Amino acid sequence: MNKRIYFILLLGVFVFLPAHAVLQEDSLKNSLQVLRHELITRHYEQTEQLTRSKIINKQVMGQLKEIGENSAQISLMLYSQSTDNIFDLTYACHEATALWNDFQAKTRPFQQMIMESNEEIARYDSLINVLSTMYTYGMSEKTKVDRNVCLTLAVSIRRMLQENIDSYQEYVRYYQYNQTQLQGLDAFAQKRYNEFQSSIFFNRSDNYLQFLRTFPVKFLQLGSTLKEKYLPLKVVNSQWDVTWLIGLFGMMLVYGLISILLNYLSIRFVVGRVMKTERFADHSKWFRSKRTCITMVASVITFGLIMMVIRFFSPSNFVELASNLLLEFVWLLAVIFTSLLLRVKGEEIGNTYRLYYPIILVGFLVITFRIILVPGLIVYLVFPLLLLVNTLWQTWVIYKHRTQVPKFDLYLAYCSQVVFAIALIGAWVGYVLLAVQLVIWWMMQLACILTIACAHNYLDKYRDKHHLAQVPVSKAWFFRFLYYVALPAAMVLSFILAVYWAADVFNFGELTWKVIHTDIINTTNFKLSIFTIAEVIILWMVFNYINHTAKGFIKLYLSSKDPTTAVSRSVMIINVLQVIVWGAWLLTALSIFKVNNTWLVVVSGGLSTGIGFAMKDILENIYYGISLMAGRIKIGDYIICDGIRGKVSSISYTSTLIEATDGSVIAFQNSQLLTKNYKNMTKNHGYELDVLEVGVAYGTNISQVKQLLITAITNLGITFEEKPVKVVLKSFDDSCITLKILVWVNVLTQYGDDGRIMECIYDTLSENGIEIPFPQREITIKQNSLPTEA
């Protein structure tokens with residue numbers, strides 16, 4: 001029945017789906033009929049498309065004109081910038097590259113449409129050629145009519161396609177003009193980017209003392225630059241006029257003051273009054289100790305929300321630039337204050353704040369320089385002195401409050417001190433812009449670290465509150481993913497993001513992203529980049545989490561089935577799981593690094609030959625270890641090997657550890673264990689046969705003795721119920737009849753059980769008056785009397 005339904009559905013698909021090409025029919029007549037139907041449909045669609053193309057033409061022309069105007073504006077801005085205006089120049093270069101990328105993205109559908117139209121024209125040219133040269137002798141009238149109709153429709157469609165292409169010619173010329181202009185603009189911007197990049201990392205300028213010696217000459221240049229840049233323009237209106245810039249920047253600062261004032265009043269008076277009520281009496285002391293921190297956090301968040309609203313509604317490029325930079329600075333402040341609010345005690349919070357004041361100050365000044373687009377001479381003059389002050393300030397703060405702050409924040413303060421010292425040295429020897437980049441990177445990196453620290457602190461409290469360390473993995477797997485994968489991965493990515501954000505201050509974001517993806521090592525057999533290293537590290541965390549989580553689920557499942565053997569049964573499964581998981585990680589890492597398979601096979605083949613000879617014994621032990629783990633021995637088994645009796649405590653790939661009955665721990669190589677024919681005493685049912693002997697005197701009723709001993713030993717309850725106790729006659733000895741008692745006792749308690757059985761035998765025979773003979777000897781001393789002499 002199911003096959004019939006599938007056949008009907010498949011038949012319906014072939015019947016009702018529209019065909020977009022003529023397939024080989026059973027005759028030319030049918031092929032022409034199908035082609036006629038397809039061309040009629042295509043002609044109708046092409047007519048509608050020609051009508052819609054007028055609307056599309058207007059949209060395309062509007063986009064091209066907009067791009068052309070932006071290209072002209074950015075060209076004027078870029079070509080008119082002096083090399084001393086660092087922030088202006090990098091902003092103009094960024095806008096030029098962004099416009100080129102935007103042009104490529106927006107015009108890609110237009111290029112695709114032109115290409116497809118040309119392909120369609122070529123296809124219809126071939127179709128027209130076939131139809132027009134088709135031999136009509138022997139055709140029926142209907143077939144000839146179909147052929148003529150197809151030819152007419154093909155010519156008409158081809159004409160409409162050509163008209164459509166002709167209507168785009170003006171746009172094509174305008175597109176090519178814009179493409180040429182933007183390509184040149186982008187090339188110039190990339191050239192300036194490379195020059196600026198070289199000036200940061202490679203081309204050292206004069207050291208600061210030399211700069212100060214020549215400062216009188218540069219002071220005149222600085223004066224003309226400031227006059228040209230910051231004096232208000234009275235002739236024309238510009239959104240980048242100094243009056244407009246100062247006004248907008250001042251307005252943003254006013255919004256910041258308003259945020260502080262509103263939150264101060266509301267938290268101090270409104271929230272403070274609420275916290276004094278009996279309902280919040282328990283939290284009143286905590287609130288008073290951290291009221292200032294709460295006010296600062298709320299003020300920063302409020303200011304950030306205001307900036308987001310202003311950025312969304314303002315059409316000004318300056319507002320967009322300033323808002324983006326201020327939001328990054330707001331994020332730094334928010335994570336610093338929030339982290340201190342959540343982690344630090346009330347009596348330590350004031351001193352801890354002081355550790356972060358130097359980095360906050362230098363970050364604010366750098367972002368201010370970026371917003372108001374200060375000239376490079378001011379940066380070269382001010383920043384080395386600023387770093388000197390900040391380094392001394394950071395040193396004094398650490399020295400004064402090192403015993404009054406948490407160690408985590410003290411370590412971060414030490415890191416800030418190191419960064420300031422390195423940046424100070426770099427700035428004074430001539431690498432001022434590199435020092436700026438280094439400080440901005442640490443500011444962003446610090447924000448990432450404190451954000452992750454906040455999340456880590458919250459997860460620690462959540463774990464302690466819900467006792468997640470003791471719960472099974474089935475209830476804590478998501479928490480462990482966040483704790484052991486998400487947070488460490490975020491820490492790895494934070495380095496890349498901090499570098500990207502620091503470079504973006506100079507509008508180097510896209511260039512930095514390319515550098516991160518650029519292969520440091522680029523050979524045919526191996527490729528390595530910063531991003532691939534981060535990928536492999538994060539994947540290691542993911543696979544490590546999978547490994548531990550899967551082990552937890554395996555142990556949980558086996559414990560639910562049989563808790564007594566769960567540990568021993570899980571050893572082999574976990575070992576196989578680890579090989580699979582880490583093998584998958586290794587293969588994935590090799591794929592990410594694009595390791596050549598042929599090269600890998602050759603290298604691994606050569607290594608395996610040498611390593612195989614060197615590690616013959618180890619590989620043999622590993623083979624036997626896998627054989628043992630497959631089920632021959634499990635942890636907890638009692639074995640006897642080479643006369644040593646003990647419990648298996650662990651099984652590895654090379655050796656097996658045994659806890660001997662005398663308390664010692666003995667390691668056997670796996671190959672030795674198998675070659676010495678070990679005995680597994682718990683493999684079957686956990687009982688072993690012990691043979692005990694006792695002698696009775698001649699004349700004793702043997703049947704009575706046997707029955708007494710069997711009953712007494714069985715009543716002890718320490719023997720294997722499925723194998724009853726047996727007493728058999730062994731031999732007739734000199735002084736007794738020797739009986740042999742066969743008992744099955746528990747392997748784990750064998751020594752103690754043997755003692756109890758021997759004691760039971762003695763007591764039973766004694767109570768029933770049965771003598772246990774022992775060898776006796778009678779010594780007779782004979783004295784011979786000697787005759788006395790007369």
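In this predicted model, five strands form an open sheet in the order E6-E5-E4-E3-E7, and their pairing is antiparallel. Helices (H or I, at least four residues) and strands (E, at least two) are DSSP runs, numbered from the N terminus, and two strands pair if DSSP finds at least two bridges between them. Strand E6 (665-669) and strand E7 (679-680) lie at the edges with a single partner strand each, so one side of each has no neighbour in the sheet.

E3 and E4 make a hairpin with two residues between them, and Asp-642 in the turn has a positive phi of about 60 degrees. Strand E4 (residues 644-651) also pairs with strand E5 (residues 655-660), antiparallel and over five bridges. Here Val-648 stands opposite Ile-658 in E5, while the bridge partner of Ser-650 in E5 is Leu-657.

Residues are numbered from 1 along each chain as its sequence is written, and side-chain values use heavy atoms, with hydrogens and water left out. Because the model is predicted, local features need pLDDT of at least 70 and side-chain atom pairs count only at pLDDT 80 or more, whereas totals for chains, interfaces and linings use all residues.

Next comes an open sheet of three strands in the order E8-E10-E9, again with antiparallel pairing. Its edge strands are strand E8 (687-696) and strand E9 (726-732), each pairing on one side only. From one strand to the next, the twist averages 30 degrees; axes are lines fitted to C-alpha atoms, for helices over the stretch in contact, and angles run from 0 to 180 degrees between N-to-C directions. E8 and strand E10 (residues 737-746) run antiparallel and are joined by 10 bridges, with Ile-741 in E10 as the bridge partner of Leu-692. Helix H23 (residues 702-715) packs on the sheet and touches E8, E9 and E10, its direction making about 20 degrees with that of E10. Contact means heavy atoms within 4.5 Å.

Helices also pack against one another. The axes of helix H12 (residues 349-372) and helix H13 (residues 376-401) come within 8 Å and cross at roughly 170 degrees. H12 and H13 are therefore roughly antiparallel to each other; angles under 35 degrees count as roughly parallel, over 145 as roughly antiparallel, 65 to 115 as roughly perpendicular and the rest as oblique. The residues that meet include Leu-355, Leu-361 and Phe-369 in H12 and Phe-383, Trp-393 and Ile-398 in H13. By class, the contact of H12 with H13 has 15 nonpolar, four polar and one charged; Ala, Val, Leu, Ile, Met, Phe, Trp, Tyr, Cys and Pro count as nonpolar, Asp, Glu, Lys and Arg as charged, and the others, Gly among them, as polar.

H13 also meets helix H15 (residues 432-466), with axes that come within 10 Å and cross at roughly 50 degrees. H13 and H15 are therefore oblique to each other. Among the residues in this contact are Val-379 and Phe-383 of H13 and Leu-433 and Val-436 of H15. The contact of H13 with H15 has 10 nonpolar, no polar and no charged residues.
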